Amino acid sequence: MVEELVTAGVALASVGTVYVMAAARIVKQYERGVVLRLGKLRSGVRGPGFTMIMPFVDRLQKVNMQIVTMPVPAQEGITRDNVTVRVDAVVYFKVVSAADAVIKVEDYRFAVSQMAQTSLRSIIGKSELDDLLSNREKLNQGLELMIDSPAVEWGVSIDRVEIKDVSLPETMKRSMARQAEADRERRARVINADAELQASKKLAEAAGVMSEQPAALQLRLLQTVVAVAAEKNSTLVLPFPVELLRFLERAQPHPAHAAPPGVAHVQSQQAPAESGQVPDGASDQVPDRGADRPLELAAQAQQLLTQWQQSVQEQLPPVEAPLDPDFRGSKSGQD
């Protein structure tokens, strides 16, 4: 009798253990359990942790509640301005109602993927190329609304939609590159012209200041000579001041074919002396000093030019003689 009771107890314990093992379920923290009893949805959704169902009667289906990252395959379409593009995107979504995700749609992942591809092709046809390239934030919002509207009934919430890349044909890329290059060149020309305008204004102001002080032009000339000579060039092109030429021109007699008055006066005085004749009243005549004034001015100008050349040569650095014996340049290194 005792043996029969022990045997029955062991059998009953074994059946209980098997039943518990068949009925026990573990739901993870990021999951929710939807129970279907004989094909009918139970009202309560099982939370995370240990739960029990009726074996062979209930069926527990787990639904992941995490945010799912789903890449959308690249879709090729024609934009509103008739440009063929290829666009791919990525969709972030999550399940907010586990019962609706199981009951109202067969496979919510596949449904969201197909809806994302259809919406992406639709948004390509409604947009222009410039919007796809520069105004993606607005397109992302519109694409999110298009996908989220039917997904709400499936118990799915679209968290975010992002357009990843826009592929263009090679011909369109070259055209855009030429357009960008032309725009850059246009802006460079405008900036260069503006710089020339500002430089011309400053040069005009500088010319006005130098016209008030003629010595400033000579100082600027000497500074230019020193700056050029510092490069150690064997040839130095030295500009000749126009003011000095004008000074020499004023010193010349006005009639080009006539002899200077001073020279004619001297010749007229020397002719009687050579012939041995002394004109009457010669001792009473006073030599005309005003007629010799142009010659004196020319001599002074020549002396000033010589002094200026000597001062320039003193400021220039010495030029070393070339090592080539066939070099026939000047000894001073200046032409």
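Biologist: Asn82 lies in the loop between β6 (68-78) and β7 (84-95). What is the phi of Asn82?

Modeller: Asn82 is not a glycine, yet its phi is positive, about 60°. Strands here are DSSP runs (E, at least two residues), as helices are (H or I, at least four), numbered from the N terminus. This is a predicted model, in which local features need pLDDT of at least 70, side-chain atom pairs count only at pLDDT 80 or more, and totals for chains, interfaces and linings use all residues. Residues are numbered from 1 along each chain as its sequence is written, and side-chain values use heavy atoms, leaving out hydrogens and water.

Biologist: Is Asn82 buried or exposed?

Modeller: Asn82 is exposed, at 67% relative accessibility (buried is under 20%, exposed over 50%, partly exposed in between, with a 1.4 Å probe and protein chains only).

Biologist: Which loop holds Phe56?

Modeller: Phe56 sits in the loop between β4 (49-52) and β5 (58-64). Its phi is near 65°, again positive in a residue other than glycine. Phe56 is exposed, with a relative accessible area of 86%.

Biologist: Now the helices! How do I read a packed pair?

Modeller: Two packed helices are described by the angle between their axes and the distance between the axes. Here, α3 (residues 108-126) and α5 (residues 136-151) pack at about 140°, with axes 9 Å apart. That makes α3 oblique to α5 (under 35 degrees is roughly parallel, over 145 roughly antiparallel, 65 to 115 roughly perpendicular, the rest oblique).

Biologist: Which residues of α3 meet α5?

Modeller: Met115, Ala116, Ser119, Leu120, Ser122 and Ile123 of α3 meet Leu139, Leu143, Met146, Ile147 and Pro150 of α5, where contact means heavy atoms within 4.5 Å.

Methods. Axes are lines fitted to C-alpha atoms, for helices over the stretch in contact, and angles run from 0 to 180 degrees between N-to-C directions.
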